[in-house]
Amino acid sequence: MITAAPPSAAPGELKVIEDAVCTFCGCVCDDIELTVQDSHIIEAKRACVLGKAWFLNHSIEDRPSCLIEGKPASLEEGYDRAARILVEGKYPIIYGLSDSPCEAQRVACSIVDWIDGTIDTTTSVCHGPSGMAFQGVGEVTCSLGEVANRGDLIMFWGSNPAESHPRHFSKYSLMPKGMFLPNGRKDRTCVVVDVRKTKSAKAADIFIPIKPRADFEALWTLRALAKDVELDPEQVLRDTGVELSVWQNLMERMKAAKFGVIFFGMGLTMTRGKHANTEALLALTRDMNAYTRFVAKPNRGHGNVTGADNVVAWRTGYSFGVNHNRGYPRFNPGEYTTSDTLANGEADCAMTIACDPMANFSQPAREHLARIPLIALDTKETPTSRAATVAFTVATYGINTGGTVYRMDDVPLPLRPAFESPHPSDFEVLTQIEQRVKTLVGVTC
Amino acid sequence: MPLEYTKIVGGTVYDPANGIDGLIRDLWIADGKIVEPPTDADAVVSKTIDASGLVVMPGGIDMHCHIAGPKVNVARKMRPEEKRKGEKLHRTKVTHSGTMGSVPSTFATGYKYIGLGYTTAFDAAIPPLGARHAHEEFDDTPCLDKGFYVLMGNNHYVMQSIQRKEPERLKAFVAWLLSSTKGFAAKLVNPGGVEVWKSHQAGNVSGLDSKVDHFEVTPREIIRGMAQAVDELRLPHSVHIHCNNLGMPGNWATTLETMKAFEGHRGHITHAQFHSYGGGDADENTFNSKVAPLADYINSHSNLTIDVGQVLFGETTSMTGDGPLGYYLSKVYGGKWFSSDTEMESGCGITPIKYKNKSLVHGLQWAIGLEWYLMVNDPWRVVMSTDHPNGGSFLAYPQIIRLLMDRTYRQDILKTCHPMIRERCSLGDLTREYTLNEIAIITRAGPARILGLKHKGHLGPGADADITIYTPHENKEVMFELPRMVIKSGRVLVDQGEIRDTLTGKTLHVAPGYDQDMEQGIQDWFEKYYSIRWRNYPVSADYLHESELVPMGL
């Protein structure tokens, strides 16, 4: 197991962590230089505004590592209680995982296997529709270094990296002087398609404001133009809110590009059409490969949501929304995805890891979660941990603990922790719970 | 503490590496290894396995399959439809649950291999940037020793070193890359062709002497340069090559040129079946077998070995590091398609496919695979593979064994195929039947030797105690699909199809020595073009869990 420990230092002494990995967003920048004094990071060189906030505001939570029904308890009691809750449940669910290292995600998958439970990640509420579209049409994609070295037409669709992934432009997509783009930004054309003029739109050479909820129609307009299908200009304007000539011009640029890239975000996946939108975008990208090289890539949010997709997939064959009630994995988004399982009143106990459904799920889902025994692992107090029967305060991955995370393009990176936490890691908590679960259900491997 | 012994008595042993062809022998096991019978009269025998009337072989070795890492996992995500209707693996007291289909989940992969009597497997195509991922999956793929081959045939540094005629730099890079990724061997996939694909619509190289633009090298130069580097480094396994033009009618000429390009260096041509086609212009009517001239060349050149990449009829998933091939297949089949280009290193293509016995092309592919087994004279130089899952699942190995050992069965299947197949290949005229000893060679002793694994593929003292015991049966498919017992590292893991015990298994890797002064040049290049940091690239020893460093050959 990967257990890279933070370097030790005398009290007050400054230490420097080079090439530290930031897990705030899916860019997972691995070039951060942290200066650490005692239990504080005092400088985070090269980090963006979000990364700086992530590193510099981090402090050790002054709260017990374990609370049972709101009262401080020993970790041992917490592990025992958590294991009992999970084993006694008829429909236990485990949810979250996107801000945990792969090592912890793997243990969570084992637990869910031993309890015949359901496992789901925050993918189901962000790029889950992309995963479903992927199952339908596949994907033509590349690693982010390919974008930096080759991408001469960079499109952002329903994605606003200037605010969500601040180093996206400078590190991967727009500014880098790549192998085949020696002049960096000057060698690239940037197109933003969105329903409003985002901060990213200001960085674009061409901004195409489309009608809200018209992504599907806009993408199919482009698919038709790619294949020289004649379109009715009035209908295109009516359906997409954009003149046909604008789409024609874009298609000419797309065909003329040497290596086109479309990054897409939740503006596409979580609006009307959902997975059908993504399917249209992935199909358009595929179509474009009949004319030139073209790739697409979702701009993933959480630091290790891509790792969660990978771990759950290699363990079960499916990347999210996986149910083991029959003793083997089954996949059905809309049924085994946590927001649905809860809103339908089906789960009878839950364990959440590094997520806060009490803050962001629908009211029926929250109401049900409040009614059932809940185990919550988080680095800080949240509405979910406040509602938990057993709440563990855990160390923060990438700052206090090591492990593996996957960048949004599936590149795995090792974490380089900065300083120790008095709290256990989520890996440790889950491992302790798993051991007890195995004893209770009689698993011996 | 005195050693505790396990003894297997009375079995009919097939151990071709030690010249034992169906003789009754006892085997002694201690500490996970096969040992000499103890001379001490007080030796503690903690377990005796009566193998009277049973066949005993070393554990199987799959030297070319796709079981872990980025592209395998993408294929799992992409194909939910297979799993819903596929076999379900329930969790038990000793095993995890899993899913099947053509790309089983990690635990399912381990359980199914060991259930088949295979104890070692090598993933054949890992992009270095995804090496850490492959190691993570290996840790969740139990019951097997495993390793992987590192994709190098389109690596920019490799091409640059060859272009500049700097063989020492190339050697250092190959050694550094294998050590950094904790890989086992160097793999070339469509050398040069994937780089062309990255920068041109439907781009590819056309043959051994096409130029790769920007790098001004040819596939022939890449093959020759890499073969020399690998031999000079004395890597346990030769260069492992997926030739250019896979699947194309008329590609046999490219394959023959590839064999020549090794110029006497060691070389392993993988999934040779996919590279042995006559005909041309993508015209189905001209498609035919060219195994005969290629097998002749193999028979007369002892530096070369092959594995077959047998096609079986049915549905599967094609997955390859050959990006342009993935594009080609996606157009042929019209289904979903995944492609991913990895910076500086490699490509990838995945698409669902189906081999139909009524199709002339598919039937010929099936026949061409069998021809390879039957037309290479020396069984030590031909290895059983389906290129899992590309030609079919590894679970088809028992069926292939039957096809090789039973010519009547072979002819019966041939009759169900397209009638023109007999005219396009010589399978109908081949009467050779494999013996059990030859099966033991092409499934364990041979691959162990080709991989340079001295402690695997045989049952002599010092070998890993990886042993499969079969119940003899006239129908060899029945015999091989359900071993009586499978022993891994001295532990009985499978008893009559039931998994009784599990272990993680070792990761087999190499760390060749190299001129450390060369590393600065690699770092300068790396920092210029990669999107991750130099220090975050090498896979640390923490990821190896149980492992074994395989030494360089002599």
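Predicted model: local features only at pLDDT ≥ 70, side-chain atom pairs only at ≥ 80, totals over all residues.
## The largest pocket

Let's start with the open space. The largest pocket comes out at a volume of about 1000 Å³. Its lining is made up of 47 residues, and those nearest the centre are F24(A), W54(A), D99(A), H302(A) and K380(A). Sorted by class, the lining splits into 21 polar, 18 nonpolar and eight charged residues.

## Where the lining comes from

Four elements of chain A each put at least two residues into the lining of the largest pocket: the helices α1 (49–56), α11 (266–269) and α15 (357–360), plus the strand β17 (374–378). Of these, α1(A) gives the largest share, with three residues.

Looking at domains instead, chain A brings in two of them. Domain 1 (66–125 + 303–398 + 420–441) and domain 2 (128–298) each supply at least three residues to the lining of this pocket.

## The nonpolar cores

Now for the packed parts. The largest nonpolar core counts 145 residues, and the ones with the most contacts inside it are M152(B), F184(B), M226(B), W372(B), Y373(B) and L404(B).

## A closer look at M226(B)

Which residues does M226(B) touch, leaving out those up to four places away in sequence? The list runs M152(B), V158(B), L170(B), V174(B), A186(B), L188(B) and V239(B). Both M226(B) and its partner M152(B) are among the residues with the most contacts inside the largest nonpolar core.

Terms used. Residues numbered from 1 in each chain as written. Chains lettered and ligands numbered in written order. Heavy atoms only, no water. 1 Å grid on protein atoms, 1.4 Å probe; cavity = no way out; pocket = protein on both sides within 12 Å on 5 of 7 lines; lining within 4 Å. Points joined across faces, edges and corners; volume = space filled by probe spheres on them. Nonpolar A, V, L, I, M, F, W, Y, C, P; charged D, E, K, R; others polar. Domains from an automatic or database assignment. Core = buried A, V, L, I, M, F, W, Y, C linked by side-chain atoms within 4.5 Å. Buried < 20%, exposed > 50% of the residue type's maximum accessible area, 1.4 Å probe, protein only. Contact = heavy atoms within 4.5 Å.
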